[in-house]
Amino acid sequence: MTQPLDPEMFDPVCPSGLMPIRIGDKWAGMIIQCLEEGPRRFSELLVPLRTITPKVLTKSLRALERDGFVVRTVHAGPARHVDYALTPLGRSLLGLLDAARAWAETHMDELIDARENQ
């Protein structure tokens, strides 16, 4: 069983909107990171992604599923539930996302200055 996601996994004041490198939409990279340790239910994803609306999370998950990065599994039975997991293709993005995050952390001041000077 996977550990619960940390509610503070993503800093709400982090300027993620400045990130010039994106996979999918604004939320896709963060969703992929949430799924790194294993399958998660929709409600679990809402914990660290506390500013996303359920509608937008659904849209992002569907896009990730359509692109082959995430698989949606429906578990039947008395306690029917759905979870989401990374596919091998989705898992292959983790290193790229780590590199992009490290690059952005190194260059964040420059990115902020460039945006403010426009």
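Predicted model: local features only at pLDDT ≥ 70, side-chain atom pairs only at ≥ 80, totals over all residues.
Q: How many helices and strands does the protein have, and in what pattern do they follow along the sequence?

A: Helices (H or I, at least four residues) and strands (E, at least two) are DSSP runs, numbered from the N terminus. The protein has 5 helices and 3 strands, and along the sequence they follow the pattern α-β-α-α-β-β-α-α.

Q: Among contacts between residues at least 6 apart in sequence, what percentage join residues at least 24 apart?

A: A contact means heavy atoms within 4.5 Å. Among the contacts in question, 59% join residues at least 24 apart.

Q: How many residues does the largest nonpolar core have, and which have the most contacts inside it?

A: A nonpolar core is a set of buried Ala, Val, Leu, Ile, Met, Phe, Trp, Tyr and Cys residues joined through side-chain atoms within 4.5 Å. The largest one has 23 residues, and I31, I32, L45 and L49 have the most contacts inside it. At least two residues of this core come from each of α1 (28-34), α3 (54-66), β3 (81-86) and α5 (94-116). The largest share, 5 residues, is supplied by α1.

Q: Which residues of α5 are buried, and what covers them?

A: The buried residues of α5 are L94, L97, A100, A104, M108 and L111. Their cover includes α1, β3 and α4 (88-91).

Q: Is R40 buried or exposed, and which residues does R40 touch?

A: R40, found in strand β1 (residues 40-41), has a relative accessible area of 2% and is therefore buried. Leaving aside residues up to four places away in sequence, R40 touches T2, Q3, P4, L5, C34, L35, L45, D83 and Y84. A polar contact is a pair of N or O atoms within 3.5 Å; within protein, one must be able to donate a hydrogen and the other to accept it, and residues adjacent in sequence count only if both atoms are side-chain atoms. The side chain of R40 makes such a contact with the side chain of E44 (3.2 Å). A polar atom of the R40 side chain also lies 2.6 Å from the backbone oxygen of Q3.

Q: How many salt bridges are counted?

A: Side chains of opposite charge can pair when their charged atoms come close. A salt bridge is a side-chain nitrogen of Lys or Arg within 4 Å of a carboxyl oxygen of Asp or Glu. By this rule the count is 3.

- E44 pairs with R40, their closest N and O atoms being 3.2 Å apart; E44 is partly exposed, at 26% relative accessible area.
- R66 pairs with D67, the closest N and O atoms being 3.2 Å apart; R66 is exposed at 63%, whereas D67 is partly exposed at 36%.
- R101 pairs with D98, the closest N and O atoms being 2.5 Å apart; R101 is partly exposed at 31%, and D98 is partly exposed at 37%.

Q: Where do R101 and D98 lie?

A: An α-helix has 3.6 residues a turn, so residues three or four places apart point the same way. Both R101 and D98 lie in helix α5, 3 residues apart, about one turn of the helix.

Q: Which residues does L89 touch, not counting residues up to four places away in sequence?

A: L89, in helix α4, touches D67, G68 and F69 under that condition. L89 is partly exposed, at 44% relative accessible area.

How values were computed
Residues numbered from 1 in each chain as written. Heavy atoms only, no water. Buried < 20%, exposed > 50% of the residue type's maximum accessible area, 1.4 Å probe, protein only.
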